[in-house]
Amino acid sequence: MPAPTTRPQLRGDFGMVASTHWLASATGMSVLERGGNAFDAAVAAGFTLQVVEPHLNGPGGEVPVIFQSAGGPARVLCGQGVAPAGATIGAYTALGLDRVPGSGVLAATVPGAFDTWMLLLRDHGTMGVREVLDHAIGLCERGYPVLARVAAAVESLAPVFGRHWAGSAELYLPGGSAPAPGPRLRNPALAATYRRLVTEAEAAGAGREAGIDAARRAWSQGFVAEALDGFLSEDVPSSTGRPQRAFLRGQDLAEWSARYEDPASVRHGSHTVHKTGPWGQGPTMLQQLRLAEVLGTGDLAGTSREGTDPDFVHRVTEAAKLVFADRESWYGDPDHTDVPLEELLSAEYARSRAGLVEDAAANPEQRPGAPGTRTPYMPPTYLPGQASPDRTTGEPTVRDAADPAARRGDTCHLDVVDAHGNMVSATPSGGWLSSSPVVPALGFPLGTRAQMFWLDEHSPNALSPGRRPRTTLSPTLVTREDGQAVLAIGTPGGDQQDQWTFTALMRILHGAEDLQETLDAPMFHTNAFPSSFHPRETVPGSLVVEPEVGPETIGEMRRRGHEVTVAEPWSLGRLAAVGRDPDTGELRAAADARGAQGYAAGR
């Protein structure tokens, strides 16, 4: 008899939505029930996530999307905004900075989420702006239940909000104090912003597509850009109250739009895995897949919730160290830097790198490869120190930088599939409530994705105007041999996204049939490479595991030389996934029970 799962895997043939919040999944399913397709549902769910998970994403953030229209090829829609025109390395170093800050308006890039969702809706959806925004507007106006994690985040940030960020205090400290978990929290300013966008769209009066484009203009060239320009035209206080003058301007919004791209892809067995290009960390998963083929990792993956093979944990961890060293040395916006992606994803390169994986844990130094005999860029190493007094910096979770077991990174994720075979995977993030002050006229803060740039012109991920920061956001789409999509999967988690998802994908591609059982299996990751988030620390030799991997595996990892930290039970990852069998039309879905808020819905 199979081991019980936390929830059943959902099965049906009408439509499936899985996300990191039950209200977003319910929104997506509602749209499908009203006749929308997977793209309509994904857009509506994405806007709902901006409302109900404000500690993890918002309208001022970004979103990469990987999707397939029924019968079409896999495609990427890049929703990562670029560095503003005034954001140069010299401009930051003149302020005495050696790294881009992790919070405040100095770290803002162009907000990319709205234009991305609207472009996806215009080109692949069937509904208008009102239909995909109505759930989000209703939740803003009526209120949404405050998650325990939202309440904890606001409680921690209350001193900053109360002393320095008046717009944030007005929204998140009703009555002058942080909300308790459970009661409903409203955002009337964001509701008004969304309603005006709907009005602008419907005033265009020339059809669905014209209305969507009118909303896009209202955002990038109209009242939203004007409000941001006005807010940023004067100094804005940092979390300490120190005034900052942002580099972002309204003109930066006007000059940027989301765009379609081909995915980076690697074949693994009878499937092909599709990721973003090297402006995201997505190709790290593809490199891990190549190494797994050489190392035979997939044969050890297993699906049990009761323990994990020590050889599997060791090989995955050691391969990840190599791959993420490559990420720092080679990845960046390919529009601005020469990324040797073809060589990095080649079987020959994987074979040359696999020889570095031995029975014992590797030494703590970074070991990037040298594809084409090039010299790799070596980033500076910042070791963990004392916890920062800054309550807002870095990732959207409050943590102690000296504690490698603390939950590092979080955001949102959603996957949708419909009966026609349309499939979408998206990872919205940025613009969380701890990132910078709420813009009172709009009801949301700006993002801080520029913190992922290096202030070193020799880095492939060096800051420069118009360049995309090498983001961590990493949705995944899988197709079978005939090109039809069979799986969309992803997770929040910053640098851990392509570790946790890789572990789940290994299990799925090597025999696991129940998506929920796969997501329930024990997780682990390494922090033994530079973090993407300020203060960019590296934890040499790090291996963080859930205790559910089993005491034998934990002991064996320590014997092999890993610096093992045992995390809290059931604490790593918040995966979501949807699947489709093109031969039978059966749809499946599952959502991680970790965090007690992600859910799948479908029939």
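**Note on cores, strands and cavities**

1. The structure holds five cavities of 30 Å³ or more. A cavity is a set of points, on a 1 Å grid over the protein atoms alone, where a 1.4 Å probe fits but cannot get out. Grid points are joined across faces, edges and corners, and a volume is the space filled by probe spheres set on the points. This is a predicted model, where local features need pLDDT of at least 70, side-chain atom pairs count only at pLDDT 80 or more, and totals for chains, interfaces and linings use all residues. Residues are numbered from 1 along each chain as its sequence is written, and side-chain values use heavy atoms, with hydrogens and water left out.

2. The largest cavity takes in about 90 Å³ of space. Its lining consists of Lys321, Leu322, Ala362, Asn363, Pro364, Glu365, Gln366, Arg367, Ala528 and Gly541; lining residues have an atom within 4 Å of a point. The lining of the largest cavity splits into four nonpolar, three polar and three charged residues. Here Ala, Val, Leu, Ile, Met, Phe, Trp, Tyr, Cys and Pro count as nonpolar, Asp, Glu, Lys and Arg as charged, and the others, Gly among them, as polar.

3. The second largest cavity has a volume of about 80 Å³. Of the 15 residues that line it, Gln50, Pro54, Tyr172, Asn187 and Gly443 lie nearest its centre.

4. The largest pocket has a volume of about 600 Å³. A pocket is an open set of points with protein on both sides within 12 Å along at least five of seven lines. The pocket is lined by 22 residues, and Leu97, Pro101, Leu106, Arg242 and Gln244 lie nearest its centre. Seven of the lining residues are nonpolar, ten polar and five charged.

5. Next, the cores. The largest nonpolar core has 92 residues. Such a core is a set of buried Ala, Val, Leu, Ile, Met, Phe, Trp, Tyr and Cys residues joined through side-chain atoms within 4.5 Å. Buried means under 20% relative accessible area, exposed over 50%, partly exposed in between (1.4 Å probe, protein chains only). Phe47, Val51, Val65, Trp117, Met118, Tyr172 and Tyr194 have the most contacts inside this core. Its largest share, eleven residues, comes from helix H2 (residues 38-52). Helices (H or I, at least four residues) and strands (E, at least two) are DSSP runs, numbered from the N terminus. Apart from this core lies another, of 41 residues, including Leu345, Val478, Val544 and Val545.

6. Tyr172 deserves a look. Leaving out residues up to four places away in sequence, Tyr172 touches Pro54, Tyr144, Val154, Phe161, Ser177, Ala178, Pro179, Leu185, Leu433 and Val438. Contact means heavy atoms within 4.5 Å. Tyr172 and Pro54 are also among the residues nearest the centre of the second largest cavity.

7. Helix H10 (residues 223-232) has Phe223, Val224, Ala225, Ala227, Leu228 and Leu232 as its buried residues. They pack against helix H8 (188-204), helix H9 (208-220), S7 and helix H11 (250-254).

8. Ser238 counts as buried because its relative accessibility is 10%. Beyond residues up to four places away in sequence, Ser238 touches His164, Trp165 and Gln244.

9. Strand S3 (residues 65-68) is covered on both faces: Val65 and Phe67 on one side, Ile66 and Gln68 on the other, are all buried. In a regular strand the side chains alternate between the two faces of the sheet. Four bridges join S3 to antiparallel S4 (residues 74-78), with Ile66 opposite Val76. Two strands pair if DSSP finds at least two bridges between them. The S3-S4 hairpin has five residues between the strands, and Gly71 in the turn has a positive phi of about 85°. Four bridges also join S3 to antiparallel S13 (residues 423-426), where Ser425 is the bridge partner of Ile66.

10. In S19, five of five residues are buried. Four bridges join S19 to antiparallel S15 (residues 485-490), with Val578 as partner of Ala488. Five bridges join S19 to antiparallel S20, and Gly579 pairs with Arg588. Six residues separate the strands of this hairpin, where Gly585 takes a positive phi near 80°.

11. Pro582 sits in the loop between S19 (576-580) and S20 (587-591). Pro582 counts as buried because its relative accessibility is 16%. Its C-alpha atom is separated by 8.0 Å from that of Ala485, 97 residues apart along the chain.
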